[in-house]
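Hi,

Here is the structure I promised to hand over. Have a look at it first, then read my notes below.

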Amino acid sequence: YIKQIKMKRFKKEENMRKGVILSMVAALSLGLLAGCSGGSSSKTSKEAASKDDVKVWVQFSDETAEGKAWEQVVQNFNKKYKGKYKVVTEYIPRSGSGGGYEDKVNAAITTNSLPDVITLDGPNTAAYAKSKVITPLDDYLKDNNMGDVLDSIKQQGTYDGKFYAFGYSESNVGIYYNKKMFKEAGIDESSLPTLKKPWTWNEFKAVSKKLKDHFKEAAIDFRLNSNDEMLPYAYMPLIWSNGGSVVNEDGTKAEGYFNSKESTQAVQFIQDLVKEGYTTVSPVEKGFETGQYPMVLSGSWTIADLQTNYKDIDFGILPYPVSNKTKKLVSPSGSWQLAVTTKSNKKDAAAEFVKFATNTESSEILSLGNSVLPIRKSTIENIKDKVSEPMRFLMEQNAATAHARPVVVAYPQVSRSFQQAMQDISYYEENPDVQKVLDSRAKEMQTAIDDSLKK
């Protein structure tokens, strides 16, 4: 009888644990970065799977550039470890709303049918780790030259002092600018900012005014209409540059951080761009690409689109504007990662593949094949002369200034409150007081964090 009671209690706790991770991941999947891979149907790699294979699920299609680069990495691994290990990939593309892949992972969590390795987006680390969906990798990586790995990759994959998820690519954001429009407005090439001497917020506003006055149009599409993960991803660096933060270091406090003086000053800069007409809350779609706006705030994924579909636009990329006070350059980072599931009975083989897929050679294949940023300093050195100038700039900015989003168990709720705060302050006639907006949204974040820590 006692054994039955314990078993019922165990099943109840297990179901509660699954419920926590499902709600967190489902919430996060509603708004991830634009530019992530999409598709419609699941597909297994050409090699037939057996029970001894290391099974890997990925969130993109095998027909994309990312899928083709990935298949090359898998083939290289299988060739090297032939007779010992073999990896088979199931391609499960994400839908435009973030479903598809996440739906299948969530279902597998409830049925204990996860594969050996899964991919996950950076902010998911804490939720998966706390719910024991993924296992720590530290013991497997002692000989993996982790000093060569970018700090931002280690930051986003770490929870509670342990390394759970290894990013296999990086991303970054900059200020794209139209060279012809800058020249027409009288902005000299020699006056443009550099990584060593970026524009301050005041300097950025002065240039924006000059562009607005000349073209009678908003100077930049600051992506305020994104309504998704782009807002926290791209805007948090402005807060960090001013010495502020969204949550404390261990991810347990938002009040006193997101609504601190430093954070408020950074968000005030964003509101000022709207107030003074330097950006708009309802930009024309593809306004930068079609030559309507001189600047756009966008990520590394935009480079390939411009070079392929908008060849008439002669563009460059500028660093993030920095706090007037600190003059510290900070840029965003973070992308998809690999993790070994706790349910895997082939953890040694699975971890060996994670190491292989994130080594210097594999990072080079994925970066060049998919036009994404590398995760290792050695890879940056190897490919810097093989990529375009815009990509090289973002690689350098990423390596020198990247900061990953906070690892918080309640990240989906924190992200949503952040997005809503940015929407609030952008409609400044209704919400003129930035401090009041951040006080309210910080309270929401704190409630979500406190609830997540109780579960």
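**Buried and exposed loop residues**

Thr341 has a relative accessibility of 0%, so Thr341 counts as buried (under 20% relative accessible area; over 50% is exposed, in between is partly exposed; 1.4 Å probe, protein chains only). Before you go further: this is a predicted model, where local features need pLDDT of at least 70 and side-chain atom pairs count only at pLDDT 80 or more, while totals for chains, interfaces and linings use all residues. Residues are numbered from 1 along each chain as its sequence is written, and side-chain values use heavy atoms, with hydrogens and water left out.

Thr341 sits in the loop between β13 (336-340) and α11 (347-357). Helices (H or I, at least four residues) and strands (E, at least two) are DSSP runs, numbered from the N terminus. The Thr341 side chain reaches the backbone oxygen of Pro115 at 2.6 Å. That is a polar contact: a pair of N or O atoms within 3.5 Å, where within protein one must be able to donate a hydrogen and the other to accept it, and residues adjacent in sequence count only if both atoms are side-chain atoms. Leaving out residues up to four places away in sequence, Thr341 touches Leu114, Pro115, Asp116, Ile118, Val133, Ile134, Thr135 and Lys347. Contact here means heavy atoms within 4.5 Å.

Glu289 is buried too, with a relative accessible area of 7%. Its loop runs between α9 (261-275) and β10 (295-299). Residues up to four places away in sequence aside, Glu289 touches Thr302, Asp305, Leu306, Tyr310 and Ile313.

Thr194 is partly exposed, at 40% relative accessible area. Look for Thr194 in the loop between α6 (179-184) and α7 (201-215). The side chain of Thr194 reaches the backbone nitrogen of Lys197 at 3.0 Å. Thr194 and Tyr320 are 126 residues apart in sequence, but 9.5 Å apart in space, C-alpha to C-alpha.

**Positive phi**

Two residues to check on your side. Lys132 is not a glycine, yet has a positive phi of about 60°. Lys132 lies in the loop between α4 (125-130) and α5 (151-156) and is exposed, at 57% relative accessibility. Asp160 is not a glycine either, and its phi is positive at about 55°. Asp160 belongs to the loop between β5 (158-159) and β6 (162-163). Its relative accessibility is 67%, so Asp160 counts as exposed.

**A helix pair**

α2 (residues 65-80) and α12 (residues 360-370) pack at about 160°, with axes 8 Å apart. Axes are lines fitted to C-alpha atoms, for helices over the stretch in contact, and angles run from 0 to 180 degrees between N-to-C directions. The two helices are therefore roughly antiparallel (over 145 degrees; under 35 is roughly parallel, 65 to 115 roughly perpendicular, the rest oblique). On the α2 side, Ala65, Glu66, Ala69, Trp70, Gln72, Val73 and Asn76 meet Glu361, Ser362, Ile365, Leu366, Gly369 and Asn370 in α12.

**Whole chain**

The protein chain has 16 helices and 14 strands. Buried residues make up 57% of its 455 residues. Among contacts between residues at least 6 apart in sequence, 78% join residues at least 24 apart.

Best wishes
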